[in-house]
Amino acid sequence: MAENTKLDQEAQQAEYTRNPPWGTVTLLEEGPYYRINRITVKPGHHISTQMHYHRSEHWVVVAGTAKVIFNGEERLLLPKQSTYVPMSIRHRVENPGVVPLVMIEIQNGEYLGDDDIIRFEDAENN
């Protein structure tokens, strides 16, 4: 019975994981005004530069190093460090390291749909 439960959990997790070219995004929990994701960014890769009108994001680094770019500033975040990205701010996160970057992302807002993601052109098509 325990084996079936484990398989069910793995199947559920697979349903909630996306695999963009730069890494993975796994939905951990979701409610009416929040969403919690585990984001893994491969070494040398980054998420697209983006902005949201209806949500803010809080990123907590679990493993690796994050190079966070927003509001005209760059900063490095190490494990146990975090940053807050307010609504309507262009932002991006990169993995400048040699090990996978793992972050927990908490999204808050009255609307969390994917059509609220405004993507900007990057040097790479990631």
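**Fold, core and pocket**

Reply: From the N terminus on, the elements of the protein chain run α-β-β-β-β-β-β-β-β-β-β-β. The model is a predicted one.

Me: How many helices and strands does the secondary structure of the protein chain come to?

Reply: The order of elements starts with α and goes on with β. Counted up, the chain has 1 helix and 11 strands.

Me: What share of the contacts with a separation of 6 or more is between residues 24 or more positions apart?

Reply: The protein chain has 126 residues, of which 37% count as buried. Among its contacts with a separation of 6 or more, the share from residues 24 or more positions apart is 67%.

Me: Which element gives the most to the largest nonpolar core?

Reply: This core has 16 residues, and those with the most contacts inside it include Trp 59, Ala 66 and Val 68. Two or more residues come from each of β3 (34-41), β5 (55-63), β6 (66-70) and β10 (101-109). With 3 residues, the element that gives the most is β6.

Me: Is Glu 94 buried or exposed?

Reply: Glu 94 is found in strand β9, residues 91-94. Beyond its neighbours within four places in sequence, Glu 94 is in contact with His 45, His 46, Thr 65, Ala 66, Lys 67, Ile 69 and Leu 101. Because its relative accessibility is 14% and the cut-off is under 20%, Glu 94 counts as buried.

Me: With which side chain does the side chain of Glu 94 make a polar contact?

Reply: Glu 94 belongs to β9. The polar contact joins two side chains at 2.6 Å, and the partner of Glu 94 is Arg 92.

Me: What is the volume of the largest pocket?

Reply: The pocket is lined by 28 residues, of which Arg 18, Val 25, Asp 114, Ile 117 and Arg 119 lie nearest its centre. Elements that each supply at least two residues of this lining include β1 (17-18), β2 (23-31) and β11 (117-119). Its volume is about 530 Å³.

Conventions
Residues are numbered from 1 along each chain as its sequence is written. This is a predicted model: local features need pLDDT of at least 70, side-chain atom pairs count only at pLDDT 80 or more; totals for chains, interfaces and linings use all residues. Side-chain values use heavy atoms; hydrogens and water are left out. A nonpolar core is a set of buried Ala, Val, Leu, Ile, Met, Phe, Trp, Tyr and Cys residues joined through side-chain atoms within 4.5 Å. Buried means under 20% relative accessible area, exposed over 50%, partly exposed in between (1.4 Å probe, protein chains only). Helices (H or I, at least four residues) and strands (E, at least two) are DSSP runs, numbered from the N terminus. A polar contact is a pair of N or O atoms within 3.5 Å; within protein, one must be able to donate a hydrogen and the other to accept it, and residues adjacent in sequence count only if both atoms are side-chain atoms. Contact means heavy atoms within 4.5 Å. On a 1 Å grid over the protein atoms alone, a cavity is a set of points where a 1.4 Å probe fits but cannot get out, and a pocket is an open set with protein on both sides within 12 Å along at least five of seven lines; lining residues have an atom within 4 Å of a point. Grid points are joined across faces, edges and corners, and a volume is the space filled by probe spheres set on the points.
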